[in-house]
Amino acid sequence: MRYGVIADDFTGATDVASMLVRAGLRTVQAVGVPRGPAPEADAVVVALKSRTVPAADAVAQSLAALAWLRAAGATRFYFKYCSTFDSTAQGNIGPVADALMQALDTDLTVVCPAFPENGRTVYAGHLFVGEQLLSDSGMRDHPLTPMRDASLPRLLQAQLPAGRRVGLVPQAVVAQGAQAVRSRLAQLRAEGVRYAVTDALDNEDLRAIAAACADLPLVTAASGLALGMQAVAAGTSDAAHLPRTDGLAAVLAGSCSQATQGQVAHWLAAGRPAFRIDALRCADDGEGQAQEALAWAGARLADGPVLVYATATPADVRAVQERLGTERAGAVVEDCLARLARGLVALGVRRLVVAGGETSGAVVQALGLEQLRIGPTIAPGVPWTWAPGPGLLLALKSGNFGGADFFERALAAADA
Ligand SMILES: Nc1ncnc2c1ncn2[C@@H]1O[C@H](COP(=O)(O)OP(=O)(O)OP(=O)(O)O)[C@@H](O)[C@H]1O
Ligand SMILES: O=C(O)[C@@H](O)C(=O)CO
């Protein structure tokens, strides 16, 4: 194995694994730090749930993943965070990146959240979502990681220990290609910069950055840079062919992003069956709420796919958070959806779409899954995956990804 990837959430892990597969690398996704021996692969992605935990926990989990990946033979490392740089107020990206750099004894890395295929671009160090600055996008109202600043150097600097320097590789340099990026990185290193934020507007820019980073022990990025790694890695594989399954189908949505709100609205508008989870009820009687949803689903699954969603508007989420506190609100809803996932699989569901990174983490942990095989892409950054234990097709959708008809499209693809 050559590449070791540490992803700070589960949808982010399938996102980057899918890109590595597209780049031609045989890729295995491990759920949490693996216990067993290294699988036969060019890249292993370790999926953590470290984005919103206290920074010290995130660092400890990431270092444990690094230790396993090194022992398994990886020589190049990739810290995968969100293409919208999702961090809590305290921020885990800086502390984790810094700890990984120290452990690898390296003095320079890049910071590259761009994912142009999903509208995330970086210009003059500022992160855009489509045509909006990150701070003007729906990410302003994220339940756990509201992003109210679009300047990557400023966001990162605030998360780093004093004295760490952050610099920029501007788009004018990236557009000149890999050699120009390499020269700029050398210049920044000579100036004492440890973190080079890279502008990137399209996949061509990502390819140039990836080629320029070929000798760096560590890169930090969203999944876009993995697509660019095609140029530097000897590609060998195509997307894995996943088994077919005739089991029942369901969608669980815990994401409150604008994209997921649109997907839920699209499902409801088509008159498809859907059950809304009440977040306050989850706090009072999570087991009762899960049982009620399960009984509802059990009565309908034989007729076709069902949706169970906690997805709510920013105003509704705020009202719940004011009552419960942000952390508890997130945790009780995740817990309810995780129970539901267990219940749905027990009822015979074998094709499951989950929306939301934290939600996916809770679901995958509740199902006790250890490894996911990466299959064909449903939408940029979202592949079908296969969990061999229960024989389950699982799509873990990043909150912000996918068009309005994503749920229907995913289920149709699983049928094809
Ligand atoms: N109605 C609700 N009220 C309060 N919190 C909610 C509600 N519905 C969901 N949540 C919580 O909001 C959080 C959503 O985070 P999650 O990571 O699952 O989605 P996302 O951030 O949109 O996705 P991604 O991380 O892939 O971008 C979860 O902790 C979930 O439990
Ligand atoms: O990079 C992204 O946007 C996603 O893979 C993600 O991390 C969502 O949680």
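1. Shell around ligand 2. In this predicted model, helix α1 makes the largest contribution to the shell around ligand 2, supplying three residues. The shell holds 14 residues in total, and the closest to the ligand are G12, D15, S83, G357 and S398. By type, the 14 residues around ligand 2 are three nonpolar, nine polar and two charged. Domain 1 (3-231) and domain 2 (248-415) both contribute to this shell, so ligand 2 lies between them.

2. Shell around ligand 1. Ligand 1 is surrounded by 27 residues. The closest of these are S255, G330, G356, G357 and G399. G357 is listed among the closest residues for ligand 1 and also among the closest for ligand 2. The shell around ligand 1 divides into ten nonpolar, 13 polar and four charged residues.

3. Where the ligand 1 shell comes from. Three helices, α11 (314-324), α12 (326-346) and α13 (357-366), each provide at least two residues of the shell around ligand 1. Helix α12 gives the most, with four residues. Domain 1 (3-231) and domain 2 (248-415) are each represented in this shell by at least three residues.

4. The domain assignment divides the protein into domain 1 (3-231) and domain 2 (248-415). Their C-alpha centres are 27 Å apart. The contact between them involves 26 residues of domain 1 and 28 residues of domain 2. On the domain 1 side, α1 (10-22) and β2 (27-31) are the elements that give two or more residues. Helix α1 has the largest share of that side, eight residues. The domain 1 side consists of nine nonpolar, eleven polar and six charged residues.

5. Nonpolar core. The largest nonpolar core comprises 143 residues, and V45, V46, I209 and L252 have the most contacts inside it. Helix α12 gives the most to this core, with ten residues. Both domain 1 (3-231) and domain 2 (248-415) give residues to the core, so it lies between them. Helix α12 is also the element that gives the most to the shell around ligand 1.

6. Contacts of L252. Which residues are in contact with L252, leaving aside its neighbours within four places in sequence? They are V308, L337, L340, A341, L352, V354, T359 and V363. L252 itself is one of the residues with the most contacts inside the largest nonpolar core.

7. UniProt features. An unreviewed UniProt entry lists "domain: Four-carbon acid sugar kinase N-terminal" at residues 4-227. Over that span the chain is 36% helix and 21% strand, and the end C-alpha atoms lie 15 Å apart. UniProt also places "domain: Four-carbon acid sugar kinase nucleotide binding", again from an unreviewed entry, at residues 250-407. Residues 250-407 are 48% helix and 25% strand, with 9 Å between the end C-alpha atoms.

8. Two residues with positive phi. Most residues other than glycine have a negative phi. F85 has a positive phi of about 55°, although it is not a glycine. F85 sits in the loop between β4 (76-80) and α3 (93-104). Is F85 buried or exposed? F85 is buried, because 23 other C-beta atoms lie within 10 Å, where 20 or more are needed. A124, also not a glycine, has a positive phi of about 50°. The loop between β6 (120-123) and β7 (126-129) holds A124. A124 counts as exposed because it has 12 C-beta neighbours inside 10 Å, and the cut-off for exposed is 12 or fewer.

9. A56. This residue, A56, belongs to helix α2 (residues 55-71). A56 is exposed, since 11 other C-beta atoms are found within 10 Å of its own. The C-alpha atoms of A56 and N92 are separated by 8.5 Å, although the two residues are 36 residues apart along the chain.

Definitions and conventions. Residues numbered from 1 in each chain as written. Chains lettered and ligands numbered in written order. Predicted model: local features only at pLDDT ≥ 70, side-chain atom pairs only at ≥ 80, totals over all residues. Near = placed C-beta within 6 Å. Nonpolar A, V, L, I, M, F, W, Y, C, P; charged D, E, K, R; others polar. Domains from an automatic or database assignment. Core = buried A, V, L, I, M, F, W, Y, C linked by C-beta atoms within 7 Å. Contact = placed C-beta atoms within 7 Å. UniProt positions renumbered as here; feature names shortened; annotations may be inferred.
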